[in-house]
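Student: I would like to go through this model with you and ask, for each label, what it rests on.
Tutor: Gladly; let us take the labels one at a time.

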Amino acid sequence: MSAQASSRTYRFAPLDRAGWLLGLSGAQCLSIAAGVVVAGVLLDRGAPAPLVLSPFVAGIAFAFATVGSWPAHEMAPAVARFATAVVRRRRSWTAEVPLLTGTPADAERAPTLPPIFQGLALLDGGPVTWCPQRADGGVGVVLDRRARTVSASLPVRGRDFSLLERGDQERLVGLWGDALAAFCSERSPVAGVRVTEWAAPSGLAEHERHLAAAGSRSAGSEPHSSYAELLSDAGPGAMSRALLLTVTVEVRRLSQRGSAAKPATDQAVEVLLEHLRLLGARLESAGLTVEPPLSLVSTAELLRVRCDPTVVQRLDIRRRSLAALARAVVRYDLGPLATEAGWSWFRMDGSLHRTYWVAEWPRLEVGPNWLEPLLLYAGGVRSFAIHYEPVSPSRSRRRIDRDATRLAADEEQRARGGFRIGARHRRAQEAVLEREAELVSGYAELEFAGFVTVTGRDQESLERSCAEYEQSAAQAGLELRALDGRQDVAFLCTLPLGRGLARGRWS
């Protein structure tokens, strides 16, 4: 066999759209049924024909019309939520700026956070013995009181994946799958793993300062001129990138673990740190460089930069201050001072954000480096996140049986009604059979969803960056849909937190 023929490829299954009846979802069936019932009541009371037909037509329109790129019945909750925020004047939020007088009451006062951050708290998980002690504190743990979860993040760096041979790329992808599969055990406390890749133009300030410092000694020389020309050419495409792996542990899964005298949150933090250690060991065996978990200060600063990338330079200056070394300003780093939610954007301080959901993954078979057009594109500020939810083997078997039964019933209904059974339906059936074969072979199953957040300083730069990243995503085989009407909560999906949109809706 040739090298090309023996190369491994990967294929994504289409989203399951079998629905309740003839491919129609529950919302579509209910809207059509409601229209028929209301039309029947009006007809029974002798109403004129236009009035009788109006509810039926409205039900059909609600079931099959589209709002932008979204079906109307799927957009209805977002429209209702946004309209409620407009009527109640809750689109905008500003923080209460405390007067730091140095009194004990001011020191204990917690900073106000925007509504999307309500219930989140930043805790110090303390030092860990399996990584070097950091000068800026112990592990930063994000506590979500609403979802009862704790999360922490590991910075990870890899080799130049695009420059490796095809066989090495396939091997690394397989090792990455093995690292995630370890979470797919029965009664695992890990509720999710989030991979967040953040990219932003970095400029060449450090290189230019180095060139200026050496200019007095080598000005006019050929190496000096060549280096200056290289910086001039590489400046527009210079990007800084950061990759984080966030592990989330659910507190309610630990109700029977550990000592009853220890608080559940403390038990969850201990389990979380142990899973971070094990994950780091697996990633290092896969050839990745794993850094110590983000500290309390680093987590706060990272969230601040993600909310408003324009503060990067101010944070760099502040890191050298005595207050920063004494960790006296950490309490006010977690959130912004002002937010505003629009239909298609979300403003936090001086930055505008727009979040997309990956509605379609590549339909053709792809290689291990298929995401390069999106990840390597040198554009504006953007975050790309993939949410993984481990599925236990027993739950996976139940889901496969349920999906196979539903698809078979849908096919029977279509055949009985004389409707065509399309290629998408056939492909969904093949995907279920492939999942069953992989489960029997010992492979683990993970639910996943992808999100992309594009950031700009103003509306013009945001629209330009969104157009560029939509095109680069299309080159990678991804279809992006803007989460209009819910941009504020959607923004959380690309932050290294344990909170996002409703679980189970986007996989």
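Student: Which residue in E8 does alanine 199 stand opposite?
Tutor: In this model, which is predicted, alanine 199 stands opposite arginine 241 in E8.

Student: What makes E7 and E8 a strand pair?
Tutor: Two strands pair if at least two bridges are found between them, and strand E7 (residues 190-201) is joined to E8 by 11 bridges, with the strands running antiparallel, so the label applies.

Student: How do you know that E6 and E8 pair, and in which sense?
Tutor: The same cut-off of at least two bridges applies, and strand E6 (residues 149-157) meets strand E8 (residues 239-250) over eight bridges in the antiparallel sense; within E8, leucine 245 is the residue opposite leucine 154.

Student: Why is the pair of phenylalanine 12 and tryptophan 361 called stacked?
Tutor: Ring centres must lie within 6.5 Å and planes under 30 degrees apart; here the centres are 5.4 Å apart and the planes stand at 15°, so the pair is stacked. Phenylalanine 12 lies in the loop between helix H1 (3-6) and H2, and tryptophan 361 in the loop between strand E12 (351-360) and helix H13 (372-375), so the pair ties together parts that are 349 residues apart in sequence.

Student: What makes the pair of tryptophan 361 and phenylalanine 448 edge-to-face?
Tutor: That label needs planes over 60 degrees apart, and these two rings have 75° between their planes, at 5.3 Å centre to centre. Phenylalanine 448 lies in strand E14 (residues 445-456), so this pair ties together parts that are 87 residues apart in sequence. Ring pairs link Phe12, Trp361, Trp370 and Phe448 into a cluster.

Student: Which residues form the nonpolar patch on the surface, and where does its largest share come from?
Tutor: Val36, Leu53, Phe56, Val57, Ile60 and Phe64 form the patch, with about 520 Å² of accessible area together, and its largest share, five residues, comes from helix H3 (residues 49-64). Valine 36 is found in helix H2 (residues 26-44), and its relative accessible area of 44% is over the 30% that a patch residue needs.

Key
Residues numbered from 1 in each chain as written. Predicted model: local features only at pLDDT ≥ 70, side-chain atom pairs only at ≥ 80, totals over all residues. Heavy atoms only, no water. Patch = residues over 30% accessible without salt bridge, like charges linked within 9 Å, V, L, I, M, F, W, Y side chains within 5 Å. Areas by Shrake-Rupley, 256 points an atom, 1.4 Å probe, with all protein chains shown as cover. Salt bridge = Lys/Arg side-chain N within 4 Å of Asp/Glu carboxyl O. Helix = DSSP H or I, 4+ residues; strand = E, 2+ residues; numbered from the N terminus. Buried < 20%, exposed > 50% of the residue type's maximum accessible area, 1.4 Å probe, protein only. Phe/Tyr/Trp six-rings, centres within 6.5 Å; stacked < 30°, edge-to-face > 60°.
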